[in-house]
Amino acid sequence: MVGIGFRREFAEEMISGEHIKPDFIEFAPENWMNIGGYWKKVLHRVVEKYPVLCHGLSLSIGSPEELNKEFLHYVKTFLNEYKVQLYSEHLSYSKCDNAHMYDLLPIPFRMDAVKHIAGRIRQVQDYLERPLAMEIVSYYTPVAAEMSEVDFINEIVRQSGCQLLLDVNNIYVNAFNHQYDAKAFIQQLPLDKVAYIHMAGHEQVAPDLIIDTHGEPIIDPVYDLFEWTLQHLQPVPVLLERDFNIPEMQELQGELSRLKNICHKQWKLKNELVA
Amino acid sequence: MNLLPDTYHIQQTFSAYCRTGEKVRLPGVTPNRLKYYRALVFNMINDTMESAFPIAFKNIPVRKWNKMVKDFFANHACQSYQVWKLPLEFYTYAVENNWEEVYDIPYLNDLLGFEWAEMEVYNMEDIPAPPFTLQGDWLETPLVLNPEHKLLSFAYPVHLEANPKKMIQNKGAYFVLLYRDAETGNVEFIDLSPWLAFLTEQLVLGITVRDILDYAPQLNITDTDTLEEDTIDFLQHMQQQHFVLGFQS
């Protein structure tokens with residue numbers, strides 16, 4: 001299954017399905033819950049047409065503060081109402097000192113943060129009565145790290161029992177920005193826990209820095225890393241994220257088709273080998 | 001909580017930097033990379049406000065606007081987990097901090113209030129209308145109105161006039177009805193006289209047009225020969241505009 005992030009900019013094209021035909025859609029509950037009017041009708045039309053996965057923005061699992069119970073209540077209601085098949089979030093924080101920042105800030109890679117976050121993931125999973133898939137986020141600087149990024153992630157997965165959302169573009173971006181080997185990094189992850197893959201484009205803003213913009217097409221080296229990664233995974237849903245500089249639908253469909261072809265090639269081959 | 005005070009403090013310092021842009025000392029960061037976080041976070045807030053308040057953004061000089069957004073984000077702890085609701089916090093912050101006077105923009109609160117109300121009514125959760133029929137007596141039967149509306153009052157004609165000088169010159173008492181058309185989902189607004197604003201407010205409470213007309217003299221509304229007819233004409237027009245839905249059944 002290869003899906004796309006559902007955006008208002010191309011809602012009608014998605015519903016018509018004339019130029020773009022994803023296998024599923026993904027959206028952030030925060031952008032759609034507790035609204036009415038025109039966009040609620042659009043939401044109902046699109047969820048009738050496509051299976052839905054949700055990717056949250058405001059959980060802020062890495063926050064020092066308590067989880068927001070009211071928010072979780074609305075998320076749970078929303079996920080149930082729209083029969084959402086998978087809920088993922090970010091391994092980062094976006095709220096501190098009781099203030100939202102609406103972006104993904106890097107958590108210090110430290111053992112106390114691991115314990116703190118693992119406990120919070122367990123709390124969320126228990127409350128929502130479903131597993132969380134946590135995305136390894138792109139980041140532009142580490143902050144006060146006391147352990148490696150990969151150890152940090154592995155420990156969180158081990159202690160919380162969560163699943164992983166593997167954003168292949170993020171790994172590419174992080175490997176470039178922090179000068180490590182993307183494949184070696186991926187090989188060290190608990191790949192049996194990967195439940196979902198994201199793919200996106202990015203923008204290089206300095207000779208040594210890439211920003212994860214979701215505003216450009218996926219580049220070939222990221223496709224290559226994706227293809228390599230699939231050889232090490234069981235089949236999972238794959239999502240194309242495109243949030244800015246939205247092109248013609250045919251161009252997005254081209255990216256979806258390319259992703260789908262790679263999935264077919266790699267996972268078909270793998271199934272044949274298993275058989 | 002398993003977080004050690006040092007880690008907690010580091011997260012606070014990092015997020016404070018993102019909110020204010022003021023230099024901080026953080027261990028183990030890559031030189032010159034923190035600024036990207038400040039830029040990403042602040043641009044998101046700025047873009048959100050620009051799209052929520054397009055007229056205010058157009059009218060206010062860039063330096064003042066930037067100062068406002070920076071002040072807001074640095075000193076206000078944003079509470080909404082839904083970004084689209086954040087402009088309400090900006091508007092509230094402007095009112096609480098007397099920005100009208102601070103920035104010498106007398107119509108600012110009205111303009112921000114109007115632009116926010118458009119967004120709020122557009123996005124608000126669906127409110128089911130009570131049962132109604134299309135047959136009834138305009139004077140004697142309580143009317144059913146589109147419940148997805150807001151009635152606002154302003155000192156400046158921010159809904160009628162885009163030119164800031166003219167807004168200030170025409171200071172007065174203005175009433176605006178905003179409602180969401182159930183068919184299109186679009187937000188419509190209409191300028192109301194004080195009488196029609198009072199009428200609308202009373203109709204929402206289920207009071208009949210006859211009873212409201214009887215009350216008109218106490219509001220110093222001159223009960224002219226045509227007041228009743230004009231009022232019903234207005235309501236019939238608003239029925240065509242999908243604000244008056246029908247008669248209580």
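Let's start with B:R210, which forms a salt bridge with B:E140, the closest N and O atoms being 3.1 Å apart; a salt bridge here is a side-chain nitrogen of Lys or Arg within 4 Å of a carboxyl oxygen of Asp or Glu. B:R210 lies in helix α10 (residues 209-215) of chain B and B:E140 in the loop between β1 (132-133) and β2 (143-145), so the pair ties together parts 70 residues apart in sequence. Helices (H or I, at least four residues) and strands (E, at least two) are DSSP runs, numbered from the N terminus. B:R210 is partly exposed at 28% relative accessible area, and B:E140 is partly exposed too, at 43%. Buried means under 20%, exposed over 50%, and partly exposed in between (1.4 Å probe, protein chains only).

A word on the model: it is predicted, so local features need pLDDT of at least 70 and side-chain atom pairs 80 or more, while totals for chains, interfaces and linings use all residues. Residues are numbered from 1 along each chain as its sequence is written, chains are lettered from A and ligands numbered from 1 in the order written, and side-chain values use heavy atoms, leaving out hydrogens and water.

Over in chain A, A:E255 forms a salt bridge with A:R242, with the closest N and O atoms 3.8 Å apart. Here A:E255 is buried at 6%, and A:R242 is buried at 4%.

And between the chains? There are 2 salt bridges between chain B and chain A. A:R110 pairs with B:D6 in a salt bridge, with 2.8 Å between the closest N and O atoms.
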